Amino acid sequence: MTPLEEAQAAIWRAIRPVQERETVALEQALGRFLAEPLAARVDHPGFDNSMMDGYAVNAAEARAHDFVLPVVGESSCGSAPRALAPGTAMRIYTGAPLPAGADTVVIQEDVRLEDGRVHLPRTLAAGENVRYRGEDYRAGEALYAPGRRLTALDIALLASAGIEAVSVYRRPRVLVAATGNELAPPGRALAPGQIYESNRLALALQLRALGADVEDGGIVRDELAALDALLARAEDYDFIVTSGGASVGDYDLVRQAFSRRGTLTLWKVRIKPGKPLAFGRMGARTHFFVLPGNPVSSVVTYKLIVEPALHVWHHAQPVQWQLRARATAGFRRTPGRTEFLRARLTEDAGRLLAEPLAGQGSHMLGALRYTNGFIRVEADSAGFAAGEEVLVLPLAF
Ligand code: AMP
Ligand code: MG
């Protein structure tokens with residue numbers, strides 16, 4: 001059995017990263033992975049300007065005129081002001097260009113206006129309330145490297161830098177299927193021995209959230225011919241993700257199906273849940289994952305194995321935060337595999353708490369309704385006591 005980190009590293013090495021790119025408008029770039037380095041096209045700020053509504057002055061002249069100056073002219077947003085006439089103040093608004101000759105803005109709350117003259121505070125300091133050209137970033141400055149997954153914040157920054165479209169890697173085409181003769185789609189009456197199928201949706205929706213173009217391969221029977229028919233379309237996909245049939249009982253069937261058309265490497269990964277898991281490649285572009293069928297195992301292995309692999313395919317660093325939290329209850333076990341417990345993470349006065357949930361069986365979905373993270377129990381650990389510090393992997397909050 002391969003330890004988790006070793007299995008991850010081996011899979012990441014075997015990934016053939018995407019090369020094809022496409023150009024998309026910023027509006028379409030959310031969640032996409034950059035395929036080019038991006039540099040600013042303009043200085044930001046683009047010109048010296050005012051941080052506040054107030055009066056633009058030259059500090060030395062204000063002092064020379066005993067802090068009383070006539071107001072001459074105005075600088076408003078979106079137009080270029082005339083130069084500041086010596087010995088005067090100019091009305092100015094937030095974001096408006098600082099006129100030539102001015103070096104300071106006095107906020108309007110701090111002045112008294114009388115007969116067209118401003119009385120300035122004697123405490124004014126040269127340079128206050130001015131935003132300087134290029135103090136945020138400069139034209140030509142590198143902003144992003146390839147592989148970066150763009151957030152809404154990144155897109156706002158890119159817009160400010162004058163960039164209207166970006167080159168991103170194309171979306172991965174992913175085929176998702178569930179295998180098992182017992183599986184029925186929700187909405188149908190269950191025949192004896194049948195259960196409702198849930199893994200396909202969990203996988204497809206998480207993959208879509210990561211930007212994948214997902215196709216539904218349906219529910220496939222545990223029959224070689226049915227599995228083979230699924231794989232016949234393999235070359236149209238970058239990834240095939242199936243669940244079920246990876247454990248010893250029926251694993252041979254899946255292995256036969258996959259090894260007819262590709263090279264399968266079984267990673268019996270030393271994790272709980274999720275030990276039976278296979279990964280391999282087919283043809284020039286297709287990667288496949290055979291995840292365990294138990295719903296919780298498929299959720300955990302998706303998070304630990306599939307999602308990071310998709311990042312690598314996009315030339316990105318896989319991100320998996322592991323944070324320290326205090327356990328609100330204890331958990332005991334026999335050491336062996338690295339275990340991931342479904343947990344409810346909460347916050348108490350800035351401290352992260354982790355509650356190991358009841359119902360940890362890998363077939364038990366009930367606890368998922370409270371799950372927003374996993375507690376990681378190291379392979380050689382016998383568990384933890386209430387109040388002890390544990391490592392957690394946060395999911396969405
Ligand atoms: P398997 O990995 O095929 O041996 O399945 C392990 C367990 O997970 C069995 O109890 C299956 O009935 C169940 N199972 C397999 N696939 C799914 C699925 N797509 N949705 C829900 N349960 C599943
Ligand atoms: Mg099965």
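I will go through the aromatic pairs in this structure, then some backbone features. Keep in mind that this is a predicted model.

Let me start with the rings. The count comes to 5 aromatic pairs. Take Phe-239 and Phe-289: the ring centres are 6.3 Å apart and the planes meet at 10°, so this pair is stacked. The cut-off for stacked is under 30 degrees. Phe-239 belongs to strand E17, residues 239-243, and Phe-289 to strand E21, residues 286-291.

Next, Phe-279 with Phe-289. Here the centres lie 5.0 Å apart with the planes at 45°, so we call the pair tilted. Phe-279 sits in strand E20, residues 276-282, and is 10 residues from Phe-289 in E21. Phe-279 has 3% relative accessibility and therefore counts as buried; Phe-289 is at 0% and is buried as well. Together with Trp-313, the residues Phe-239, Phe-279 and Phe-289 form one aromatic cluster.

Now the backbone. Where are the cis peptide bonds? One runs from His-44 to Pro-45, with omega near -5°; Pro-45 is in the loop between strands E2 (38-39) and E3 (49-50). Another runs from Lys-272 to Pro-273, also with omega near -5°, and Pro-273 is in the loop between E19 (271-272) and E20.

Last, positive phi in residues other than glycine. Asp-115 has phi of about 50°. Its place is the loop between E8 (112-114) and E9 (117-119), and Asp-115 is exposed, with a relative accessible area of 74%. For Asn-129, phi is near 60°; Asn-129 lies in the loop between E9 and E10 (130-131).

Notes:
Residues numbered from 1 in each chain as written. Chains lettered and ligands numbered in written order. Predicted model: local features only at pLDDT ≥ 70, side-chain atom pairs only at ≥ 80, totals over all residues. Heavy atoms only, no water. Phe/Tyr/Trp six-rings, centres within 6.5 Å; stacked < 30°, edge-to-face > 60°. Helix = DSSP H or I, 4+ residues; strand = E, 2+ residues; numbered from the N terminus. Buried < 20%, exposed > 50% of the residue type's maximum accessible area, 1.4 Å probe, protein only.
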